[in-house]
Amino acid sequence: MQLDKVKSLPKKVINNIEGIDGLTVYLVQDYNNSFLRRLVDFGEKVFGELGMDQWGLVPQIRHGNVYVLKEENKKTISGLAILMRDWEDSEKVYLFDYAIADDLQGNRLGYYFLNIIINNIEEQGFKRMSLTVDIENEPAVRLYEKIGFRILETSVDEYGKSHDRYIMLLEFN
Ligand SMILES: CC(C)(COP(=O)(O)OP(=O)(O)OC[C@H]1O[C@@H](n2cnc3c(N)ncnc32)[C@H](O)[C@@H]1OP(=O)(O)O)[C@@H](O)C(=O)NCCC(=O)NCCS
């Protein structure tokens, strides 16, 4: 298993979260069976049957960018982000999955985790990031707007009937 350390979250963010000493963002470069299982379980817990299984995760680790948020030397995953390059625009990445563990939501971790990812993606030479989000997912829409994403359009039935999504874009400065 190979996790490349990207950056730790500022200590002040973690201060008031019981039982957590510090959280670090890692880029997943390789995996073993137990880590892969934990990634799949994390996705299933947050997204239910829509979570990515090992058939989706392995190609993403090998060919995309998978980031995790976790305590150093501990196994529990606190956050997950999966990104892919855009085929139409080589300067754009697409945020495919983004989540913070249920019991840690509302502590500003989503905000800091995504900002660290955006800086890392920008350092890799990309100029913009896009995503889609369910129009009724208020916490996520607000988080993305707070970070600077803007709604470009609403895609009706994006994932099938009644699954309307906002298409959002962030241009890096
Ligand atoms: C969306 C998600 C990643 C946000 O992570 P989080 O750590 O809970 O968010 P933060 O605490 O960093 O909040 C950042 C901002 O998001 C918004 N926000 C977060 N939770 C919110 C809620 N329950 N209601 C309204 N706005 C909320 C707020 O604007 C907040 O800023 P503020 O604290 O200054 O008001 C998290 O709720 C999650 O994992 N949800 C399930 C998976 C999901 O829906 N992912 C998005 C798929 S596109």
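In the predicted model described here, Gly-110, Tyr-111, Leu-114 and Asn-115 of helix α4 meet Leu-143, Lys-146 and Ile-147 of helix α5, where contact requires C-beta atoms, placed from the backbone, to lie within 7 Å. By class, this contact of α4 with α5 holds four nonpolar, two polar and one charged residues; Ala, Val, Leu, Ile, Met, Phe, Trp, Tyr, Cys and Pro count as nonpolar, Asp, Glu, Lys and Arg as charged, and the others, Gly among them, as polar. Numbering starts from 1 along each chain as its sequence is written. Because the model is predicted, local features need pLDDT of at least 70 and side-chain atom pairs count only at pLDDT 80 or more, while totals for chains, interfaces and linings use all residues.

Turning to geometry, α4 spans residues 109–123 and α5 residues 138–147, and the two pack at an angle of about 50° with their axes 10 Å apart. Helices (H or I, at least four residues) and strands (E, at least two) are DSSP runs, numbered from the N terminus. Axes are lines fitted to C-alpha atoms, for helices over the stretch in contact, and angles run from 0 to 180 degrees between N-to-C directions. The pair is therefore oblique, a term for angles that are not under 35 degrees (roughly parallel), over 145 (roughly antiparallel) or 65 to 115 (roughly perpendicular).

At the level of the whole chain, the protein is divided into domain 1 (2–126) and domain 2 (131–173), with bounds from an automatic or database domain assignment. Their C-alpha centres lie 19 Å apart. Seven residues of domain 1 are in contact with five of domain 2. On the side of domain 1 that touches domain 2, β5 and α4 are the elements giving two or more residues, and α4 provides the largest share, five residues.

The ligand, finally, is surrounded by 19 residues, with Gln-105, Gly-110, Tyr-111, Pro-139 and Leu-143 the closest; a residue is near a molecule if its C-beta atom, placed from the backbone, lies within 6 Å of it. Among the elements, β5 (92–100), α4 and α5 each give at least two, and α5 contributes the largest share, six residues. The shell divides into ten nonpolar, five polar and four charged residues.

How values were computed. Contact = placed C-beta atoms within 7 Å.
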